[in-house]
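Please find below a colleague's note on the structure shown here. The points are meant to be read alongside the coordinates.

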Amino acid sequence: MSKSKALAQAKFFKEVTMSKLEPYLKEFIFNSETSISDFFEVKTLELLGYDEDAEDDSIPVNKKKVLKKVKREVLICNDVPALALFLIQERELNDNAIVKIGLDGGRGSFKICMSIHDKNEKELEDEMANLNSPKKPKKASKTTKEFLNSGVKKVMILALAENVPEKYENVQKILELLDLEQLEHCVAIDLKLQNVMCGMQGHSATHPCCYCEGSKPWDEPAALRTFGSLREDAEAFAAAEDKDKIPKNFNNVVHPPLFNHPDDVEVLDVIPLAELHLMLGITNTLLFRVNTLIGDNFVSIVTCMIPS
């Protein structure tokens, strides 16, 4: 139950039993440090990472780091469905609330986060965008003064491991502890983690796409990947002899996918397109192409196009 309901129940039993409440009960219930602390714990896991030993002057600076098994303390949510239910009640959302799970690495840590918001919150986002527009100054309503549930201020961290890369083994071990399969959700991951969670090699491989089995020069349609095809390729790769373990011959699938969806489900129906990364790639390619065509006159031509 929510903190407000917990306090109301305590007052109810106080009146019924004619007893006293614990001293400072209200302050304890509404203390931000106690509201979700029971949902989290710290565990020591053996993960793949880089040694944190002090730098040795005898080791060359440009020496490539080597992955090895290391001990790391990881912050873990011990009951994700219960935390999701708690947040839905606290934010007064309905049963149709959208639960998004995001995975990402960077800044020296690997994180798994959860975002919960109402389906109609897009209207509030549009209202906030209008407020920030210099062309349409409006007075903020009561609803827009608070942070949006879909915004970064309301994101909840489910797992945090410092100084570990986005490797299949690390993601697999942390996801097993979270047990997200009990929670209906959608994932939000970048291109690299798409392949990692599908058990595939990176995007420099012969078959780099997690949605289909295509390859360069991409001049003909390719079969769409399903979770069944990913599992078949992973099993075939594992069963092959060492001399025959050539990843491209198995559509570059070297591990079982980290999803429990049925075999006939297509990857495209589960993993949303990484729109930001795709648009950045297309935009950069077009820019480099234009720069090549224009050559040394690029700056002067762009300057002439800008109105004075």
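1. Conventions. The model is predicted, so local features need pLDDT of at least 70 and side-chain atom pairs count only at pLDDT 80 or more, while totals for chains, interfaces and linings use all residues. Residues are numbered from 1 along each chain as its sequence is written, and side-chain values use heavy atoms, with hydrogens and water left out.

2. Salt bridges. A salt bridge is taken as a side-chain nitrogen of Lys or Arg within 4 Å of a carboxyl oxygen of Asp or Glu. Under this rule there are four salt bridges. One of them joins the side chains of R231 and D263, with an N to O distance of 2.6 Å. This pair links distant parts of the chain, 32 residues apart: R231 lies in helix α7 (residues 227-239), and D263 in the loop between α7 and α8 (275-294). Helices (H or I, at least four residues) and strands (E, at least two) are DSSP runs, numbered from the N terminus.

3. A salt-bridge network. E241, K243 and D244 are linked in a network of salt bridges. The closest N and O atoms are 3.9 Å apart between E241 and K243, and 3.4 Å apart between K243 and D244. Accessibility is classed by relative accessible area: buried is under 20%, exposed over 50%, and partly exposed in between (1.4 Å probe, protein chains only). On this scale E241 and K243 are both exposed, K243 having a value of 62%.

4. Strand pairing. Strands are said to pair if DSSP finds at least two bridges between them. Strand β5 (residues 156-162) pairs with strand β2 (residues 68-77) in the antiparallel sense over three bridges. Strand β4 (residues 109-117) also runs antiparallel to β5, and six bridges join the two. A161 in β5 stands opposite V74 and is the bridge partner of F110.

5. Nonpolar core. The term denotes a set of buried Ala, Val, Leu, Ile, Met, Phe, Trp, Tyr and Cys residues joined through side-chain atoms within 4.5 Å. The largest such core has 54 residues, of which L83, L103, I112, M114, L158 and L178 touch the most other members. Helix α3 (residues 80-90) supplies the largest share of this core, six residues. Beyond its neighbours within four places in sequence, L83 has contacts (heavy atoms within 4.5 Å) with I36, F39, F40, C77, M114, M156 and L158.

6. Helix α7. This helix has 13 residues and spans 18 Å from first to last C-alpha, close to the 18 Å expected at 1.5 Å a residue; the expected span is 1.5 Å times one less than the number of residues. Its buried residues include F227, L230, D233 and F237.

7. Aromatic pairs. Rings of Phe, Tyr and Trp (its six-membered ring) pair if their centres lie within 6.5 Å; planes under 30 degrees apart count as stacked, over 60 as edge-to-face and the rest as tilted. The structure holds four such pairs. F227 and F259 form a tilted pair, 5.4 Å centre to centre with 55° between the planes. F227 is in helix α7 and F259 in the loop between α7 and α8, 32 residues apart; both are buried. F237 and F250 form an edge-to-face pair, because their planes are at 80°, with centres 5.6 Å apart. F237 belongs to helix α7 and F250 to the loop between α7 and α8, 13 residues apart. F237 counts as buried at 13% relative accessibility, and F250 at 12%.
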